[in-house]
Amino acid sequence: MVLESLIEPLILNSAKKYIANLDISALRLSIFGGDVVLQNLELKLEVLRQEFAAGLPIHFRRGFVRELRIRIPWLRLASEPIQIVVDAVELVASLAEDDDDADDDADADGDAAEPATSPAPQTAAKASDSPDPQAGDSWMQSLVLKALFNAGLTVTNVVIKLEAAQAVASVSLRRLELASAGAAWEPAFIEPEGPSALLRKRLRVAELTVCLDPSEADGRAARFLQPLVRRASVEARVESHLHPSERPDGAATLLVDLHSDGLTLALADEHLALLSQLVAALADSATAADGAVDTPPASPAA
């Protein structure tokens, strides 16, 4: 039960942070069983904006995940990774041109943050009563940290859209895999190396497609141009020192090495025109947002 009491709050807090229509009771039971399956999840739009678009003049209009699976091998945490599998992700964002619409999104998101099926006060109390990993047995702390370092992530069927001006930009990918790796970049269940705690992660993206198309007034593509990037496969190899002050002389704190068998960029005159419009619209939206923040509220009439 000690392991569960250390890992469960991490999963619960992350789920509550990002998922609006969350059934906490069902999630707690699933965690103890070792297999979590959540379906048809609506994401918190305001949290998405704060986490992934901070400082940018855009807001999210749609955040949806069809299925989330988490497999926790409680009896083999010392040798098998926690597996997180996400399927069918849709994110739709637009320029923050209409502050009223952005406020409506935030209000609706806030209303959905505490569904009727979620006993929020009771859950919060239980989470706060859970023991801190720092206060537990050092061996147990090491096991939990090792399990978290080696957690694997697989995301399939992702679509991300930005609707702006007279253009719609989209990124789609069939599969993304993130896993720990050994010195030869093979998948491995590892421990951070040396005094600097060197950690290696391998990120693979399959069938990455990037499009930029002219759009209608409702944000839908008026017609489809040739993709800027079509079904590309990319691998990123990441080395990170968790204790940078202890890293060997000359070693970078974060090193990213990109690999691709072939990456073709198709850029036509119409793409350049749309890109110019998109950049201008982003700049105008950012200026308008800064002006709205800097303008003091009007004094009430005497």
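1. Basis of the values. The model is predicted: local features require pLDDT of at least 70 and side-chain atom pairs count only at pLDDT 80 or more, while totals for chains, interfaces and linings use all residues. Residues are numbered from 1 along each chain as its sequence is written, and side-chain values use heavy atoms, with hydrogens and water left out.

2. The chain as a whole. Its secondary structure comprises seven helices and eight strands; helices (H or I, at least four residues) and strands (E, at least two) are DSSP runs, numbered from the N terminus. Of the 302 residues, 39% count as buried, where buried means under 20% relative accessible area, exposed means over 50%, and partly exposed lies in between (1.4 Å probe, protein chains only). The accessible surface comes to about 17200 Å², and carbon and sulfur atoms hold 56% of that area; areas come from the Shrake-Rupley method with a 1.4 Å probe, and for residues only the protein chains shown count as cover. Among contacts (heavy atoms within 4.5 Å) between residues at least 6 apart in sequence, 66% join residues at least 24 apart.

3. Strand 4 (residues 152-164) and strand 5 (residues 167-180) pair in the antiparallel sense over eleven bridges; two strands are said to pair if DSSP finds at least two bridges between them. Isoleucine 160 has valine 171 of strand 5 as its bridge partner. Strand 5 also pairs with strand 6 (residues 198-214), again in the antiparallel sense, over 13 bridges. In that pairing, valine 168 stands opposite aspartate 213 of strand 6.

4. Positive phi values. The hairpin of strand 4 and strand 5 has two residues between the strands, and alanine 165 there takes a positive phi near 50°. Asparagine 157, in strand 4, has a phi near 55°, a positive value in a residue other than glycine. Asparagine 157 is classed as partly exposed because its relative accessible area is 41%. Asparagine 40 likewise has a positive phi, of about 50°, although it is not a glycine. Asparagine 40 belongs to strand 1 (residues 35-42) and, with a relative accessible area of 46%, is partly exposed.

5. Serine 215. Serine 215 is in the loop between strand 6 and strand 7 (229-241). Its relative accessible area is 14%, so serine 215 is buried. A polar atom of its side chain lies 3.3 Å from the backbone nitrogen of alanine 167; a polar contact is a pair of N or O atoms within 3.5 Å, where within protein one must be able to donate a hydrogen and the other to accept it, and residues adjacent in sequence count only if both atoms are side-chain atoms. Leaving aside neighbours within four places in sequence, serine 215 is in contact with Ala165, Gln166, Ala167, Val168, Arg220, Ala221 and Ala222.

6. Helix 7. Leucine 274 lies in helix 7 (residues 269-294) and is buried, with a relative accessible area of 5%. What does leucine 274 contact beyond its neighbours within four places in sequence? The residues are Gln166, Ala167, Leu212, Asp213, Pro214 and Leu225. The C-alpha atoms of leucine 274 and alanine 165 are separated by 8.9 Å, although the two residues are 109 apart along the chain. Histidine 271 is also found in helix 7, and its 2% relative accessibility makes it buried. A polar atom of the histidine 271 side chain lies 3.0 Å from the backbone oxygen of glutamine 226. Not counting residues up to four places away in sequence, histidine 271 touches Leu212, Leu225, Gln226, Leu228 and Ala266.

7. Isoleucine 31. This residue lies in helix 2 (residues 24-33). Is isoleucine 31 buried or exposed? Isoleucine 31 counts as buried, because its relative accessible area is 0%. Residues up to four places away in sequence aside, isoleucine 31 touches Glu8, Ile11, Leu12, Val36, Ile72 and Trp74. Isoleucine 11, 20 residues away in sequence, is 8.4 Å from isoleucine 31, C-alpha to C-alpha.
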